[in-house]
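Subject: Structure handover and notes

Hello,

Please find the structure below. My notes on it follow, with the cut-offs given where a term is used.

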Amino acid sequence: MSQDVIHYQPTCDLKAMRARAQMYSQIRQFFAEREVLEVETPVLSQAGVTDVHLASVQAQRHVQGKQQTHYLQTSPEFAMKRLLASGSGPIYQICKVFRDDEHGRKHNSEFTMLEWYRPNFSLKDLMFEVTDLLNVTLKQRFGEVRPTILSYKHAFMDRLDLNPLQASLKELKDCCNRVGLNLDLGDDRLGYIDLLFSHFVEPSLGFDTPVFLTDFPPELASLAKTKTDEDGELVAARFELYIEGLELANAYDELIDAEVLRSRFEADNAEREKLGLHVMPIDEFLLTALPQMTACAGIALGVDRLLMIATEHMQLEKVITFPASIS
């Protein structure tokens with residue numbers, strides 16, 4: 001009788017484990033020098049993210065004898081903002097986060113995130129700080145890095161000759177057909193934009209130098225403020241960091257208007273219900289805290305992906321010990 005062979009060894013080697021330990025030390029030293037406080041918040045929460053593109057991992061636990069459904073964090077954002085509203089000042093956290101059924105070359109359903117918040121920082125201030133961090137963590141591979149800034153709109157136009165802020169649903173469908181993406185997404189305009197971006201824009205970003213991609217379509221504002229760009233078009237006040245076609249970080253000029261954020265959560269849940277997805281409990285703790293927050297810029301950076309870049313590995317499993325398939 002044949003038996004399946006069980007492989008107990010990690011998928012990364014000792015060199016990668018040492019590189020991770022060194023990177024954690026570098027990150028902690030970096031923020032200690034800037035007097036940014038390291039914090040820790042719960043991994044489980046009564047509420048979860050409402051974003052229709054993210055799936056939370058559910059867990060059952062008893063609180064005061066009563067069984068409740070709680071959610072593993074997709075990001076420590078909500079809890080960290082409660083700390084900011086309580087007067088913590090600038091803070092950061094290195095933690096595990098979870099996103100259900102995300103697996104592949106650059107995904108695992110459990111991964112490590114570095115998230116930090118800077119009261120009274122602009123997005124440009126945050127870009128400078130991210131650049132400083134890259135010049136610490138990636139110095140051995142690249143020496144000094146000098147990221148460039150590129151708007152989402154211009155990156156799209158450079159690759160596809162189409163303005164995603166203005167393009168009609170028909171224009172987006174025609175563009176997909178022209179480049180061979182023959183998928184029927186119905187009337188999901190944002191879905192077509194994301195399809196084109198992920199296949200033709202994202203893979204080209206950050207090869208000559210790291211790229212800060214800015215000014216996203218307003219529908220992608222998530223928890224960011226909105227503003228008008230140099231052409232007077234409404235955009236989301238956020239940026240993403242790309243190196244060698246890999247998205248490493250996502251930053252917001254944080255929205256601190258609780259009423260606007262509640263309306264976004266409710267719109268997300270309405271869309272979830274329409275799509276047959278689980279409707280998520282809204283985080284009332286966060287909404288109550290927001291009016292006490294000062295203006296703030298915040299960013300989430302994928303540590304595992306940063307390690308991929310630092311160690312020149314193409315597969316996420318080469319920088320983590322045990323991916324979901326063997327954990």
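Contact here means heavy atoms within 4.5 Å. This is a predicted model, in which local features need pLDDT of at least 70 and side-chain atom pairs count only at pLDDT 80 or more, while totals for chains, interfaces and linings use all residues. Residues are numbered from 1 along each chain as its sequence is written, and side-chain values use heavy atoms, with hydrogens and water left out.

Contacts of two loop residues

Not counting residues up to four places away in sequence, Val36 touches Phe31, Pro90, Ile91, Tyr92 and Arg118. Val36 sits in the loop between H1 and strand S1 (37-38); helices (H or I, at least four residues) and strands (E, at least two) are DSSP runs, numbered from the N terminus. Val36 has a relative accessible area of 5% and is buried. The cut-offs are under 20% relative accessible area for buried, over 50% for exposed, and partly exposed in between, with a 1.4 Å probe and protein chains only. Val36 and Gly89 are 53 residues apart in sequence, with 7.8 Å between their C-alpha atoms.

Ala221 lies in the loop between strand S8 (211-216) and strand S9 (226-228). Ala221 is buried too, at a relative accessible area of 2%. With neighbours within four places in sequence left aside, Ala221 is in contact with Thr226, Ala236, Tyr252 and Arg264. From Ala221 to Tyr252 the C-alpha distance is 8.4 Å, across 31 residues of sequence.

Annotated region

UniProt, in an unreviewed entry, places the feature "domain: Aminoacyl-transfer RNA synthetases class-II family profile" at residues 17-323. UniProt positions are given in the numbering used here, feature names are shortened, and annotations may be inferred rather than shown by experiment. Over residues 17-323 the chain is 36% helix and 24% strand, with 14 Å between the end C-alpha atoms.

Helix H2 covers residues 77-85, and its buried residues are Glu77, Phe78, Met80, Lys81, Leu84 and Ala85. Seen down the axis of H2, these buried residues fall within an arc of 160°, so they line one face of the helix. The arc is that of the directions from the helix axis to the C-beta atoms. An α-helix has 3.6 residues a turn, so residues three or four places apart point the same way. The cover over the buried residues of H2 includes strand S5 (91-98), strand S11 (246-253) and helix H8 (258-275). Gly87 follows H2 and has a positive phi, near 95°.

Helix H6 (residues 169-178) has Leu172, Cys175 and Cys176 as its buried residues. They cover an arc of only 100° around the axis, which puts them on the same side of H6. Lys170 and Arg178 are exposed on the other side of H6. Helix H5 (152-160) and helix H7 (189-201) are what the buried residues of H6 pack against. Just after H6, Gly180 has a positive phi of about 90°.

Glu266 is in helix H8 and is partly exposed, with a relative accessible area of 43%.

Most residues other than glycine have a negative phi, and most peptide bonds are trans. Asn120 is in the loop between S6 and H3 and is exposed, with a relative accessible area of 61%. Glu244 also has a positive phi, near 55°. Glu244 is in the loop between strand S10 (234-243) and S11, and counts as partly exposed at 29% relative accessibility.

Second largest pocket

The volume of the second largest pocket is about 330 Å³. Of its 18 lining residues, Ala19, Gln22, Gln140, Ala310 and Thr311 are the closest to its centre. A pocket, on a 1 Å grid over the protein atoms alone, is an open set of points where a 1.4 Å probe fits, with protein on both sides within 12 Å along at least five of seven lines; lining residues have an atom within 4 Å of a point. Grid points are joined across faces, edges and corners, and a volume is the space filled by probe spheres set on the points. H1 gives the most to this lining, with seven residues.

Regards
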